[in-house]
Amino acid sequence: MAAINRDDVAHLARLAHIEMSAEELDRMAGELAVIVDSVKSVSEAAGDDVPATSHPIPLTNVFRDDVVGHTFTAEQALSGAPDSDENRFKVPAILDEA
Amino acid sequence: MTEQNPAGISAETLIRLSAAQLADKLAAGEVTAVEATQAYLDRIAAVDGQVNAFLHVNAEEALAVAAEVDAIRAAGGAEAEALHYLAGVPIAVKDLIVTIGQPTTAGSKILEGWHSPYDATVVERLRAAKMPILGKTNLDEFAMGSSTEHSAYGPTRNPWDLDRIPGGSGGGSAAAVAAFEAPLALGTDTGGSIRQPGAVTGTVGVKPTYGSVSRYGAIAMASSLDQIGPVTRTVLDSALLHQVIGGHDPRDSTSLPEPLADLVAAAKTGNVEGLRIGIIKELHGEGYQAGVENRFNDALELLKEAGAEIVEVSCPNFQYALGAYYLIMPSEASSNLAKFDGVRYGLRVLPEEGPMTIERVMGATRAAGFGDEVKRRIILGTYALSAGYYDAYYGSAQKVRTLVQRDFDAAFTQADVLISPTAPTTAFPLGEKLDDPLAMYLNDVATIPANLAGVPGLSLPGGLADEDGLPVGIQLLAPAREDARLYRVGAVLESLLEAKWGGPLLAQAPDLAAAGTLETQEAK
Amino acid sequence: MSTDEILSFEEAMEKYDPVLGFEVHVELNTKTKMFSSAPNVFGDEPNTNVNEVDLGMPGVLPVVNKTAIESSIKIGLALNCKIAESCRFARKQYFYPDTPKNFQTSQYDEPIAYDGYLDVELEDGTVFRVEIERAHMEEDAGKLTHMGGATGRIQGADFSLVDYNRAGVPLVEIVTKPIEGAGSRAPELAKAYVAAVREIVKNLGVSDAKMERGNVRCDANVSLRPHGRERFGIRSETKNVNSLRAVEHAVRYEIQRHAAVLDSGAPVIQETRHWHEDTRTTTSGRAKSDADDYRYFPEPDLVPVVASREWVEELRATLPEPPAERRKRLKADWGYSDLEFRDVVNAGVLDEIEETIAAGASASVARKWWMGEIVGRAKAADVDPGQLGVEPATIVELAQMVEAGKINNKMATQVLDGVLAGEGTPAEIVDKRGLAVVSDDGPLLEAIDAALAAQPGVADKIRAGKVQAIGAIVGGVMKATRGQADAGRVKELILEKLGVTV
């Protein structure tokens, strides 16, 4: 497995939508390199014949009947919104056209 | 504050009762729920300036619920008969669990001031039992940490030594219970966040079987690992609280369908004769503090004397558990925390320069709203799930999970209950591991396997370490769905230890109220 | 907006062979959303069909809608797919303000249905088999409205408003395998394929299937390769082509545009294209980039769906007959000509005629009434024929009355108007309006006497052999009886009375 470097962290920070300063990227790259190194034994621990476990207690077919439950009013829905207009959540422009 | 009830129980005594003792006195009319609740609120006012266990105190509502319970009791009749055993017994709730009428912050700036419009299932159940909610307790931001130092609202301090950490992430709940600011609290445990704080504060904490308690309304860190559980001062109290909050919830698809076993009866069984108790070879010895190891050996000795059979089991794949955990947990967390983006609720921060697009607002919001440890885990998780790395990291970690489960399965053919120290060390000084993430992660080495496999674990006080006089935790583990065994063995071990100590371990903790009044007032 | 060069369709076809692919999203018409119990209703006030789950509030968890699973399995079966014994949901992760959790819960490597096909009939009756790669379940996003710009488009907008009512509405995405060999009929096939999918989900009753409401949405992939080459060219993906006509036009346009790009020697860019109905062109969306790392992983808050074979067979037993097979059967049963049958299908009265025949009418009578009378009235009222409220039993009753000679055809249409006006059953209206064909000879004889008296010369003409003069008397009788007399019988009686044998 490749070591994690500053460019990797910059790319990951973009994917994760967290703006990071140059110093932060450097620091994070150093810390993550240590952590990634410490977990690398994991990839060699299990052979191909070992199935993955994604749920600790296996259950299947947990469904809900198609019956309408509670809803919020628009006011309740928007009560924690940083910005709203016309009963909708207001967000800045999506495209950068500056 | 020193006003006394007809039975002559002082507030000082009242707050030191276990939940079960308090419930008995409430039922007998010796004290009122309002008196008990007020005593705890007074205690919080007196000592929380030093401990910082609470992020929010919910005095008005708690007293109203207590008054309602008192009124129902006073009126008598069917409604009084129908009152839950714990009705009127106050409780604190980890601030990762959403509550109507109180802020929920998850210990993060990104949710500062946010009020949930819905209650978590466990909170609904507390309300149904008419348990006054004293407030919300401090935690590492989004439950990411083992010391509560990663809270955006300042660290919680260990009531045994205010310069030391109370464990984490649920340091607030454990410290509140240890400092007699609450008889009961709720925690959440993803890798040890209930058990490890329990160990280092001399309290009892239980991570139930995955699915035993609904996660609906617990702000998710790692969905396949998270579990809500009790934080208390006695094993019986944990069983009582587990019984209130546990059981199937149709709003959580991973909630177990079957009814809970009678956990309270299990805690009252009173014997361990013939039970096989397995020492996990890989979870003690090297890397564990000598004082921790000594208290662990004492516990084994007592259990043996009580008629249990002590065996040794080996779980060779536990060596990979910490690594697997630090891939699975951040992966799921990176996804679960994506929703905090400044669009629907919580903080919104505008970029200081450059284009003002939603993408940049999200980036600036998350940069300002999340602390370093949260960012670290989000980036690590994003890495582990990203194209080209999934199989090597997340995929491999899920396979290790299978191996850890197999180790448990094998161990449980040789033993009914497994035992280990809960944490490798006693409480360390504040700041000591803050800049060394890896050292911090090692605190969870003994607690993580249970989360990976979904099995239940209980930590109870095992005494004080010889070298520093700080509490040591003993961890019991049982097969999935066999939580009852933990309460049975835990209660027996607790009574043997308390007989040895001549009372609860917490009776030996320093008196905060005496030392702290002035400091408290200055701090607030 | 720059205009792309295009080649004529004919020239493009001479040089290149198109390969198509479709991703059709079908919104299910369940009562509630995919993972929450909030109502799945179109057109309500913004942010009112939401609860904490749909808004991605902290702490919420999804629970799968069982009806949505059953609908998805039905779609899979109708598309001749295999149904997965076990499948899971995954998280598709990307940040966008219409996506409340900043991931979409979808199916990734384990779709509920896979490996199917759909036989699509083109206008001339040619059947083209489209292979289905998979049909998987996912949730819809909320709706963004772009404000401040001139056009309401994302370009030039100052800010956007988000309504999460649609967030979490269950979707089934149907993905085809690459479709080769359509040649110049690719645009027509595109339209016919989407129409067939739409018809199937409507016929199953699992979707309202209204394209204008976005119940059925199509992403069309187009690539070209020189004739004779096996390897596919680079494709574009035209998003949200939301009418049948637009699907045809978009595929045709993209073929022409790709051909021009290839002719110029430039590579086709793998990108998203946006369809513009007004100009019937596409414009560039965004190119594929490393930002498209969706970091899929199994949704840890949901457990696997295990479709037992018993369950699948139970659902299969509930499936209606596939539309194409049904049409073939009905056409043969009813004996309609190709033209007659196509008119019936186009008029949208297939179900109605089938029900009318089932109620006892003959195939020709049913067609005569629906196509001859009701479709026209529906058009005038601007509603679907089925919505006029004509019961099959009404038509059967009318037809029987005509056949028995109780009323004539002209009266029958008046009775139909009465039924539509809510005056009652045909029998009641015939009674109320006194609309019976008069066959009792008594009143007729009186009317004949009166008519003969009124036109004295006519009787002699008839006796004299000018039998055609009888028309004047018959007309007088019909007038006197307000058209209710049976004209044939009147003629017989007049001749009898005058002692004339013909």
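Mentor: Domain bounds come from an automatic or database domain assignment, and on that basis chain C is divided into domain 1 (9-315), domain 2 (344-433) and domain 3 (441-497). The model is a predicted one, in which local features need pLDDT of at least 70 and side-chain atom pairs count only at pLDDT 80 or more, while totals for chains, interfaces and linings use all residues. Residues are numbered from 1 along each chain as its sequence is written, and chains are lettered from A and ligands numbered from 1 in the order in which they are written.

Trainee: How far apart are the C-alpha centres of domain 1 and domain 2 of chain C?
Mentor: Those two centres lie 41 Å apart.

Trainee: What makes β2(A) and β3(A) a pair of strands?
Mentor: Strands are DSSP runs of E with at least two residues, helices are runs of H or I with at least four, and both are numbered from the N terminus. Two strands pair if DSSP finds at least two bridges between them; β2(A) and β3 (residues 88-92) of chain A are joined by two bridges, so they count as a pair, and they run antiparallel. In one of these contacts between strands, S84(A) has F89(A) as its bridge partner.

Trainee: Why are β2 of chain A and β9 of chain C called edge strands?
Mentor: The open sheet has four strands in the order β2(A)-β3(A)-β10(C)-β9(C), with antiparallel pairing. Its edge strands are β2 (84-85) of chain A and β9 (143-147) of chain C, each of which pairs on one side only.

Trainee: How do you know that β4 and β6 of chain B pair?
Mentor: Between β4 (residues 184-188) and β6 (residues 228-232) of chain B there are five bridges in the antiparallel sense, and the definition asks for at least two, so the strands pair. T188(B), for instance, has I228(B) as its bridge partner in β6(B).

Trainee: What is meant by contact between chains B and A, and how many residues take part?
Mentor: Two residues are in contact if their C-beta atoms, placed from the backbone, lie within 7 Å; 62 residues of chain B are in contact with 49 residues of chain A. The helix that gives the most to the side of chain B touching chain A is α15(B), with twelve residues.

Trainee: Where does the name "domain: Amidase" come from?
Mentor: UniProt, in an unreviewed entry, places that feature at residues 35-486 of chain B, and such annotations may be inferred rather than shown by experiment. Over residues 35-486, chain B is 39% helix and 13% strand.
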